[in-house]
Number of protein chains: 2
Amino acid sequence: MNAIIITIGDEILMGQILDTNSQYMSRRLTEIGVEVVEQLSIPDKGEEIYETVDYAMQHADLILVTGGLGPTKDDVTKKVLTEYFGTRLVFHPQAMEWLEELLRNRNLPMNENNRSQAYLPESCRILRNFKGTASGMWFERGWKSLISLPGVPFEMEHLMDTYVIPDLKVKYPHLQLAYRMLKVYDVPESALAHHLEEWENALGEGLKLAYLPSPGLVKLRITAKGDAVQHLDAAYDTLKEVLSGMKYTEGEDALEKQIGNVLRKKGATLATAESCTGGEIARLITSVPGSSDYFKGTVVAYANEVKIRVLGVDEKDIEREGAVSETVVLQMAEGVKKLMNTDYAVSTSGVAGPDGGTPEKPVGTVWIGVATPEKTFARKFAFSFTRERNMAKAAAKALELVMLEMGV
Amino acid sequence: MNAIIITIGDEILMGQILDTNSQYMSRRLTEIGVEVVEQLSIPDKGEEIYETVDYAMQHADLILVTGGLGPTKDDVTKKVLTEYFGTRLVFHPQAMEWLEELLRNRNLPMNENNRSQAYLPESCRILRNFKGTASGMWFERGWKSLISLPGVPFEMEHLMDTYVIPDLKVKYPHLQLAYRMLKVYDVPESALAHHLEEWENALGEGLKLAYLPSPGLVKLRITAKGDAVQHLDAAYDTLKEVLSGMKYTEGEDALEKQIGNVLRKKGATLATAESCTGGEIARLITSVPGSSDYFKGTVVAYANEVKIRVLGVDEKDIEREGAVSETVVLQMAEGVKKLMNTDYAVSTSGVAGPDGGTPEKPVGTVWIGVATPEKTFARKFAFSFTRERNMAKAAAKALELVMLEMGV
């Protein structure tokens with residue numbers, strides 16, 4: 001079974017917002033074995049929506065549409081779908097009650113724009129939206145389904161989780177697609193590809209390997225379709241054999257989640273002292289539910305006086321070696337470990353850019369310190385890309401150093 | 001002039017990575033007046049790439065393609081484009097030199113996978129990639145251009161900034177499209193739409209208003225096409241008149257950038273004390289180049305003992321009122337302001353979820369404290385969505401409170 005995802009909105013095409021809905025929907029569909037064959041982002045113009053819907057209905061079994069359901073003037077999706085499916089907008093008293101309840105709970109008044117949202121296509125199934133004013137709409141034609149969801153991400157996610165995924169599983173019980181993932185560290189994609197070439201060429205029908213490079217690591221994904229699903233585990237096991245000797249971790253969990261699992265198992269705690277990463281490591285760690293079990297906190301020491309006064313870094317060392325130096329990150333890691341009374345700590349100091357580089361310490365130079373119950377050490381990296389990239393790479397590398405040090 | 005963007009990669013369609021390239025390319029094209037009419041994400045299969053390229057060449061003047069240029073087996077784009085443009089792959093000695101230089105600088109060996117990247121289509125212009133091994137390729141057919149760029153975001157951005165945007169400006173000097181943006185706070189989208197309806201209906205030909213709701217605010221964008229560009233400023237001025245009395249800020253700069261500008265102008269400094277936002281506010285602020293001019297640092301006080309020992313929050317108050325309380329965020333803001341010796345400070349404490357909620361303090365309850373040179377105050381919010389959303393909303397609201405307090 002295949003699917004096409006359509007996201008509607010001029011703001012996506014102008015690059016003013018990042019479309020995260022397509023990824024969410026794709027991930028959830030993939031999990032239940034639906035193969036997403038295209039993601040299309042189009043303007044909120046009636047004619048283009050109509051043509052794209054028509055194309056998708058001809059080329060896929062399932063079509064998910066988001067965006068263009070809000071109460072404002074640039075939202076035309078509902079009208080187009082009503083026309084496309086040859087039905088009409090009718091007043092839906094129950095949707096009106098839902099709307100009134102929602103607005104009452106939020107202390108908001110009813111107005112014309114809201115009221116129009118109780119007018120819905122006669123022939124579709126209405127999906128109640130508990131988190132917003134635009135209902136979802138599930139159209140069917142033959143064995144095909146088109147489901148229209150609001151564009152606000154948490155409303156879309158709510159409708160996906162509540163109706164779309166559970167009901168698709170019931171409706172199509174025989175979906176089959178599976179994958180396994182692992183992450184390989186410190187090997188460039190091309191060298192890894194070279195190393196794996198022979199193994200990859202021997203993969204059986206229906207099995208496929210993909211390389212997904214990220215900062216500091218390459219994710220490998222083996223996908224199995226149809227009957228090949230039964231051979232997936234064996235292929236995965238031989239892949240691990242071929243990778244022996246390299247640093248890798250299994251599963252698709254993000255590093256911050258894997259670290260959390262290890263810390264929880266050890267009963268150990270972590271703190272961070274961040275300069276160039278500016279809180280990014282802390283944000284990653286705390287993005288994991290339950291991280292308060294093992295994460296105590298962070299000092300973002302952006303100013304040198306904070307490094308000195310809060311973390312106890314020696315002022316003379318900063319003067320002599322500079323803030324981006326081995327001695328400073330060692331002291332930062334030890335300082336925050338002591339301050340927050342944790343088992344592990346990690347620290348960063350670097351030149352994120354775009355300014356502030358020198359011939360000795362160009363943009364992208366980052367020192368990372370790690371303190372464990374046994375020792376403290378530091379490593380130097382040269383990332384040298386954009387500011388955003390340097391911050392992300394340094395944070396990812398800091399997590400990786402902690403995890404590999406814990407013996408994963 | 002219109003454009004279609006094609007991103008290639010199974011990992012996008014499986015939802016394993018978020019496609020950020022489309023947004024970057026769209027934003028840069030929009031800035032120079034190119035209208036992006038579609039973004040398409042497709043699998044890395046030869047046939048589908050061929051068909052999509054053919055469709056795009058028929059429907060747009062400019063086609064940008066990313067992904068599928070790396071050295072690994074699932075990269076077929078180069079072959080398909082060579083076939084589509086009726087040319088052949090030839091060894092490109094200069095590309096080989098570039099490759100050797102890049103690998104030498106990175107201390108990496110040359111192998112077969114890399115070597116294949118020196119084979120490039122004979123009829124296209126080769127764009128040298130200083131940040132990776134895959135060159136860009138600029139094909140022309142009649143007045144149309146198709147430009148293929150690597151999928152690694154910072155490599156794609158490098159080629160966009162170095163060649164694509166500058167050369168398009170030279171090639172098509174008469175592009176015309178412009179927009180103005182502002183952000184309105186604390187008004188629901190539907191109420192705002194109702195308020196603006198009359199103004200919007202009076203907008204002239206070629207002018208268009210769009211609503212872009214974000215956490216806690218609605219962005220408004222007026223776009224002008226062709227001759228209407230000359231009426232854009234006047235329309236923008238009348239929009240500001242209609243909005244008078246509401247809280248809004250002008251421009252499309254992110255809040256963290258606007259705050260930075262105001263702090264720098266004031267010669268003032270800022271620190272944050274974060275619990276439920278886990279470093280997200282710090283990360284946003286430090287994402288702005290030059291933020292070290294006004295940002296001193298952060299204490300992420302995830303554990304109560306850190307709130308007490310590092311920030312000086314009264315242990316008894318935490319016991320009596322809980323960590324998610326007015327008194328605690330007031331003390332956190334004042335504590336970090338004193339610790340880091342700043343003019344302003346902002347603090348957060350809340351129940352991010354998914355667990356940890358109580359009937360009195362359900363998931364989504366967040367207290368935010370703000371300390372200024374004159375006073376300290378706190379406000380309570382009820383966001384009540386997902387963890388990620390609660391953290392993002394709380395961080396956005398914290399920035400908004402600081403900015404509005406500084407008198408923007």
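A:Asp186 counts as partly exposed, because its relative accessibility is 39%, where partly exposed covers the range between buried, under 20% relative accessible area, and exposed, over 50%, taken with a 1.4 Å probe on protein chains only. This residue has a positive phi of about 60 degrees although it is not a glycine, and its place is in the loop between β9 (177-185) and α8 (189-201) of chain A. Helices (H or I, at least four residues) and strands (E, at least two) are DSSP runs, numbered from the N terminus. In chain B, phi of Asn341, that is B:Asn341, is near 55 degrees, again a positive value in a residue other than glycine. B:Asn341 is found in the loop between α14 (326-340) and β15 of chain B, and is partly exposed, with a relative accessible area of 48%.

The model is predicted: local features need pLDDT of at least 70 and side-chain atom pairs count only at pLDDT 80 or more, while totals for chains, interfaces and linings use all residues, and side-chain values use heavy atoms, with hydrogens and water left out. Residues are numbered from 1 along each chain as its sequence is written, and chains are lettered from A and ligands numbered from 1 in the order in which they are written.

Another backbone feature concerns proline. The peptide bond from A:Gly353 to A:Pro354 is cis, with omega near 0 degrees, and A:Pro354 lies in the loop between β15 (344-350) and β16 (365-371) of chain A. The bond from B:Gly353 to B:Pro354 is also cis, with omega near 0 degrees.

Turning to chain A as a whole, its secondary structure comes to 15 helices and 17 strands, and its C-alpha trace spans about 75 × 60 × 40 Å along the principal axes. Of the 408 residues in chain A, 59% are buried. The chain is divided into domain 1 (2-171), domain 2 (177-250) and domain 3 (255-405), with bounds that come from an automatic or database domain assignment. The C-alpha centres of domain 1 and domain 2 of chain A lie 36 Å apart.

Some strands of chain A can be followed one after another, where two strands pair if DSSP finds at least two bridges between them. Strand β6 (residues 125-127) runs antiparallel to strand β7 (residues 136-141), and three bridges join them; here A:Leu127 stands opposite A:Gly136. Five bridges then join β7(A) to the antiparallel strand β8 (residues 144-149), with A:Glu140 opposite A:Ser145. Two residues lie between the strands of this β7(A) and β8(A) hairpin, in which A:Gly142 takes a positive phi near 60 degrees.

What holds the most contacts within the largest nonpolar core? A nonpolar core is a set of buried Ala, Val, Leu, Ile, Met, Phe, Trp, Tyr and Cys residues joined through side-chain atoms within 4.5 Å. Of its 51 residues, A:Ile6, A:Val53, A:Leu146, B:Ile6, B:Val53 and B:Leu146 touch the most other members. A second, separate core of 36 residues includes A:Ala273, B:Ala301, B:Val313 and B:Ala345.

Finally, consider how the chains meet. 94 residues of chain A are in contact (heavy atoms within 4.5 Å) with 93 residues of chain B. Between them the two chains bury about 7500 Å², 55% of it on carbon and sulfur atoms, buried area being the accessible area (1.4 Å probe) that two parts lose on being put together, summed over both. The count between chain A and chain B is 10 salt bridges, each a side-chain nitrogen of Lys or Arg within 4 Å of a carboxyl oxygen of Asp or Glu.
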